[in-house]
Amino acid sequence: MTDLSVYDKAVQLQNRARQIAVGAVGEKEATRVLTRTKELRVALADLRTQVELNRTLALLGAADRADLSGIDSARNAFERKALNGLPSDTVFNTARKKVQESATRFKSNNGEAWVAWATAQLAGLPLARIPMLSSGERDAARNREKELRQAVATKNLSTSDVTLFTSTFALLSESLRDKSDPPSELLELLALLEKRPSPTLRDLSDADIALLRQFEMDLHITLQRTGA
């Protein structure tokens, strides 16, 4: 059984139900069946999206291939009932709810796998080297870093999001690959600025400020007056 066969077989059942409805029952019954099958098809399309996303993540090593045996069992149950005549609304609704539950579960699992994998990918990038790039390269690198972090946090992940992340990641990784790490003085200064409570201007020397300006890190530091 392939991933797509689950969806395709379910759609075939829907088409069969439509054909039976049109040829063997009255307009009211046909309308009922066509409405229920349309609802089922929408749910199946959502499920297929999540199955294909799982496949994409699995190819990256970000997730295990999903177990579709439960979906296949539900399809077989629906098919058996369809063989005995047009399924009732209860049968259609039960099938749709099972499909929606599966899609929701897949989406949750895909999302968790994605966040864990993408976060690890970002952690492996030598982002500390960005200040060592030329001015134009720095801007591009910071924009790419921003795009990657936004992709990690996306709520409705799609295969296109994954593709965009991997391509952007490759570009950023390549731009940083041959660059040297920033001087230890800059790293120590940045660590100081991240401490809480935040340091004051008195804690910084003229050399510290000059170092920040040299690597254009002053663009990312704000000042706030405290006290009277």
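## Packing of α5 and α6

The axes of α5 and helix α6 (residues 159–177) are 10 Å apart and the two helices pack at an angle of about 150°, axes being lines fitted to C-alpha atoms, for helices over the stretch in contact, with angles running from 0 to 180 degrees between N-to-C directions. The pair α5 and α6 is therefore roughly antiparallel, given that angles over 145 degrees count as roughly antiparallel, under 35 as roughly parallel, 65 to 115 as roughly perpendicular and the rest as oblique.

From α5, the contact is made by Ala141, Arg144, Glu145, Glu147, Leu148, Ala151 and Val152, and from α6 by Phe165, Thr168, Phe169, Leu171 and Leu172, where contact means heavy atoms within 4.5 Å. By class, the contact of α5 with α6 comprises eight nonpolar, one polar and three charged residues; Ala, Val, Leu, Ile, Met, Phe, Trp, Tyr, Cys and Pro count as nonpolar, Asp, Glu, Lys and Arg as charged, and the others, Gly among them, as polar.

## Packing of α4 and α5

The axes of α4 and α5 cross at roughly 160° and come within 9 Å, which makes α4 roughly antiparallel to α5. The crossing in which α4 passes α5 is left-handed. Trp114, Val115, Ala118, Thr119 and Leu122 of α4 make the contact with Leu148, Arg149, Ala151 and Val152 of α5, and by class the contact of α4 with α5 has seven nonpolar, one polar and one charged residues.

## Individual residues

Glu145, placed in helix α5 (residues 135–152), is buried with a relative accessible area of 18%, where buried means under 20% relative accessible area, exposed over 50% and partly exposed in between (1.4 Å probe, protein chains only). Apart from neighbours within four places in sequence, Glu145 is in contact with Leu127, Ile130 and Leu172. Asn54, found in helix α2 (residues 27–60), also counts as buried, at 5% relative accessibility; with neighbours within four places in sequence left aside, Asn54 is in contact with Ala63, Asp64, Arg65, Ala66 and Asn110.

Thr104, by contrast, lies in helix α4 (residues 89–123) and counts as exposed at 54% relative accessibility. The C-alpha atoms of Thr104 and Gln50 are separated by 8.6 Å, although these residues are 54 residues apart along the chain.

## The chain overall

The secondary structure comprises eight helices and zero strands, following the pattern α-α-α-α-α-α-α-α along the sequence; helices (H or I, at least four residues) and strands (E, at least two) are DSSP runs, numbered from the N terminus. Of the 228 residues of the chain, 35% count as buried. Among contacts with a separation of 6 or more, 77% come from residues 24 or more positions apart. The chain exposes about 14000 Å², of which carbon and sulfur atoms supply 51%, with accessible areas taken from the Shrake-Rupley method with a 1.4 Å probe and, for residues, only the protein chains shown counting as cover.

## Basis of the values

Residues are numbered from 1 along each chain as its sequence is written, and side-chain values use heavy atoms, with hydrogens and water left out. Because this is a predicted model, local features need pLDDT of at least 70 and side-chain atom pairs count only at pLDDT 80 or more, while totals for chains, interfaces and linings use all residues.

Conventions. A crossing is left-handed if the near helix is turned anticlockwise from the far one by less than a right angle, and right-handed if clockwise.
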